[in-house]
Amino acid sequence: MRLINLFLLVSLALPVFAHGPLPGPLTNVPVPEVPGLLDGSDPIVVDKNMAIALGKALFWDVNVGSDGMACGSCHFHAGADNRVKNQLNPGLKSSQLSGQSFDTLGSGSGGPNHTLTQADFPLHKLANPYDPASAVVKDSDDVVASSGTFSGEFKGASMFSGTNDQCARANDPMFHVDVSSTRRVEPRNAPTVINAIFNYRNFWDGRANNIFNGSSPWGDRDPDAGVWVKTGARSVAKQRLRLENASLASLSVAPPLSDTEMSCRQRKWPSIGRKLLLRQPLQNQKVHYQDSVFAGLGLVSSSASTELPGLKTTYKAMITKAFNPKYWSYSGTSGSFPPPPNGQSAYNQMEVNFSMFFGLALQLYQGTLISDQAPIDLVTRNVANPNAITYLKPDWSSLYPNDPAKVTQLNNGLGVFVGNHCSTCHGGPLTTTAPIVAYSKLLTPSNTNYYGSANNKIYYGVNALGPNRGGQVAGLTPAGNVVTRDTTLDPLYPAKLMDIGFANTGVADPNGDPGLGGVDDFGNPLSFSYQYQQYLAGNSAKVVDKAVNKVKACDFIYPLYDGSSTLNDPMMFTSLDAMEVDGAREGSLKNLGCIVSPLVATLNEAKIPTVATAQAALNQPKMAFATQAAFKIPSLRNVELTGPYMHNGSMASLEQVVEFYARFGNFANDNQHAFMNSISLVGSQLPLGSEAAFAKNRDDLIAFLKTFTDDRVRYERAPFDHPEVKVPNGHVGDEQAVTAGNPLQAGFAADEWLTIPAVGANGSAAPIQPFENQLQP
Amino acid sequence: MKTIKQTHIWLLMAGILLLPIASVQASSAFSSQGEVGFSLSGPLPPELSVGNVWFDNAIADSGTQSGDGALTLIMPAALPSLTGNRYGFDVFKVSGHVNHGAVLNSVYAGWYNLELLNSGTTSISVELVLDYQLSAATFGQWADSEAKLEYYLDEDLPEFVRVSASTFSIGSDAVVGSKQLSLLLKPGRNVFHADLTIASSMEAAPVPLPAAIWSFLAGIIGLLGMTKRKFADI
């Protein structure tokens, strides 16, 4: 406890710009390479541009889903979803019974086919939004997310035409209005895909593994994963695939099989391949004649006067151009291929490898969705001296020379952002610590490598993320640790292991959704922190993600070991404990460049407990981890446009988000990050505790957050242009009554459709709007 | 007023129902083929002799057929004809046609083999010319067909030539060419392979009824209603 007080004193004493990472420019930040994908003597992808085109087509193609859903159906608005009708899930991730039923929200209504209004938000509402002690006016464990598929049991799909699969469809016990089934809704809000390429892992719970295994999201954890490789003229063999930094490939192969997002149940990837391979991409969806990806490859039929659907090719042809033939050129079938559905011909190699083509194409396409031309990227920064306390400070007058009031506002907003440690978790150019590999590169000293623009270079090095070794405050170092040790609001033993890039801020009841604290399909905990604990204890079978073996203890924010202490400390290993040199087990010591702990202000030692010591301490606070209800820290880039906010979509506006932080969160719990209690948005206005006291700092902070919006995203200009997509947008009627007679099944509610028109490289004339702008009162 | 007897209406309705309304389809077809020849060129090493030269039908998978979908197969003779120094095989052709229904995932493969014997104790080099004609053609709504020729010596990894056609893009594709190959023959028996695979799918697209038929039907149903009212008045 003494150490926490020391931390608070230290942080308050330092000037605002000295503490932690700063939000820097995304310009020239390197996308982590995927070894073997495009490089080497036998790359998997032989034509990157064709693979990107394949990925863009598959991302937006509604034929991928069983009943009209594409990836883009939930990721069309600044890469996220701004629909307001039929967007509620009852809270199905909850371990409590209340998650099985829909709540009445603030408007007096809710449930399937409800149209969200301002009155519904925030889902957890206090009488005074700034006062954590004020009465709870409304609370719900419902989740505002994305409506998807009706689902059903998969039977088959046509190979040439027809968007909908043949499925045995039945009434849904959960998602219905009266007796008519409605489209099912996801249990977590759709995050933006823009800039997601940088995240070490993806999904709110991190389950989209950094390693892509070719057929599932689970990386090395899936014993059955693999791809079929042609090994000789007449032979094919299943082989393990292991591509690093391919988390978006891992992610992409999940939603097309999900029975809430896109698919009928029991549908497998080769069946999706069989459905799509002989078809035109975007078969019934108009493509803009100036599409930034397709036009240059001569794939577009449209002209300036006539907009036509489809690309001038087939998915099979695109794959043969983009991918190494050893993954598709085997003739015929093989006994090692998975069996087809009843009555169908055996699969061929291109079908059984379709998950790999899909995942890698989507990885490469989404790798082009980088928004690095926002005001925060364009503003000139102080880069003359990396050791200056004002290193990286933006000079807003360079962007707004005739608007001194705005300059003052943005300076204050940035000051609020940094002074309250927002910038520590929402750290660096991506405004999240989730991009572990990218940041480790930026922090590795170099005389030549830089990020930022060429006339405002930020050289890689220890201060590259923030002055005064700012990256280390967030546990970020060249070692690229996936785990750190940090502090929580646990009153007794605050220090715990945490996954870097994930945090519990107390948005919802921790039982409402375990987040990172969940398990994979094989029963293994998702988190790296759990695995690191097991690594220390010598239980190597529990370390299913190999990156955990590389964790470097002396780069932790809060140390694991205090060699100067002779006490028996439940929260620390001390000189009373048998320790060993970190890295001795692997024969590669991890003892170079150890950091001074930002919290304790002493040099960390490169020591970990011996296996016996760790085994004995497994249930003690010194080995504890904080993963329950921790979620991936979202990037704030384009946050102005990506509402509603948080994993449960419970906040409609940035004002509500800022109010959430100002009251230290919604649900205090022992895994909540320690920073949550040290937030102060109070300004000098009176009376204290009133909205007036908070309003100026809140508004300045929000003005600053809007500097993360890239106008190319706002106007859907290249690379954010896209084909036409018709998105299900609720059902005819409302939450009381619907019109039945959906062509899919007579008992299903009729769909209403939102047509997002095709946009070319020059974007659309009208800007896309923030989520709350379309909410009626 | 002239009346329409109800029986006449029912006869008309029955006649309409006999029309193959539900099965009005567009048809589709494909035709793909390959032709292969081997020639040994240049001065032949004395240790070299040609053994058997032959064709095998290795894969004959007619896929999943429905409706009136049907395939026609023309296979080369097992033995080639020797003209000068060229071993030439007859054409290998797969074609199909469907008016309603489909033929999906058909795969036919033929293997052409040239046995080359090296009576020496060290490897010898020989020049081989592989000549080929490949074509794939698709018609109507919808079809996809490809012809692929892989060539290799013994257990080596093959190279290949491929043509592909789809009614969604390039309707037909063809290539005529030859490959000049330097083969290194180990002592004893070597076999040079050319594997030809033709993979095709086709499905007849359903065609919506012309609008005139729907007006006609609506009119008949209307007439039926009038007749009913007339009877009810009595």
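Let me start with a question: is A:Cys554 buried or exposed? This is a predicted model, by the way, so keep that in mind throughout. A:Cys554 comes out at 0% relative accessibility, so it counts as buried. And that cysteine has a partner: a disulfide joins A:Cys554 to A:Cys594, with 2.2 Å from S to S. The torsion about that S-S bond is -75°, which makes the link left-handed. The bond links distant parts of the chain, 40 residues apart: A:Cys554 sits in the loop between α13 (528–536) and β18 (561–562) of chain A, and A:Cys594 in the loop between β20 (579–581) and β21 (607–609) of chain A.

How many disulfides does a search of the whole structure find? Two, over all chains. The other pair is A:Cys167 with A:Cys264, where the sulfur atoms are 2.1 Å apart. This link is right-handed, with 105° about the S-S bond. A:Cys167 is in strand β6 (residues 166–168) of chain A and A:Cys264 is in the loop between α3 and α4 of chain A, so the bond ties together parts that are 97 residues apart in sequence. Both of these cysteines, A:Cys167 and A:Cys264, are buried. If you number the bonded cysteines of chain A in sequence order, the pairing reads 1-2, 3-4.

A:Cys74 itself is at 12% relative accessibility, so it counts as buried. A:Cys422 is in no disulfide either; its nearest cysteine sulfur belongs to A:Cys425, 8.9 Å away.

As background, most residues other than glycine have a negative phi, and most peptide bonds are trans. Against that, A:Asn245 has a positive phi of about 60° and is not a glycine. You'll find A:Asn245 in the loop between β10 (235–239) and α3 (247–252) of chain A, and at 15% relative accessibility it counts as buried. A:Gln266 has a positive phi too, about 70°, again without being a glycine. A:Gln266 lies in the loop between α3 and α4 (269–276) of chain A, but this residue is exposed, with a relative accessible area of 56%.

On the peptide bonds, the one from A:Phe121 to A:Pro122 is cis, with omega near -10°. A:Pro122 is in the loop between β1 (88–89) and β2 (125–126) of chain A. Another cis bond joins A:Ala718 and A:Pro719, with omega about 0°, and A:Pro719 is in the loop between α17 (711–714) and β23 (725–731) of chain A.

A couple of helices deserve a look. α4(A) is mostly covered, with eight of its eight residues buried, including A:Trp269, A:Arg274 and A:Lys275. Helix α15 (residues 654–662) of chain A is mostly covered as well, with seven of its nine residues buried. Those buried residues pack against α16 (691–705) of chain A.

One more loop residue: A:Asn481, between α12 (470–473) and β15 (483–487) of chain A. A:Asn481 is buried, at a relative accessible area of 3%, and its side chain reaches the backbone nitrogen of A:Lys552 at 2.8 Å.

Last stop, the interface. Here, 28 residues of chain B are in contact with 29 residues of chain A. The two chains bury about 2,100 Å² between them, 56% of it on carbon and sulfur atoms. B:Asn105, B:Asp144 and B:Phe168 supply 27% of the area that chain B buries against chain A, more than any other three residues. What about charges? There are four salt bridges between chain B and chain A, and one forms between A:Arg234 and B:Asp195, with the closest N and O atoms 3.0 Å apart. The rule for polar contacts finds twelve residue pairs across this interface. On the side of chain B that touches chain A, the residues divide into eleven nonpolar, ten polar and seven charged.

How values were computed
Residues numbered from 1 in each chain as written. Chains lettered and ligands numbered in written order. Predicted model: local features only at pLDDT ≥ 70, side-chain atom pairs only at ≥ 80, totals over all residues. Heavy atoms only, no water. Contact = heavy atoms within 4.5 Å. Buried area = accessible area lost by both parts, 1.4 Å probe. Salt bridge = Lys/Arg side-chain N within 4 Å of Asp/Glu carboxyl O. Polar contact = N/O pair within 3.5 Å; in protein donor to acceptor, adjacent residues only side chain to side chain. Nonpolar A, V, L, I, M, F, W, Y, C, P; charged D, E, K, R; others polar. Helix = DSSP H or I, 4+ residues; strand = E, 2+ residues; numbered from the N terminus. Buried < 20%, exposed > 50% of the residue type's maximum accessible area, 1.4 Å probe, protein only. Disulfide = S-S within 2.5 Å.
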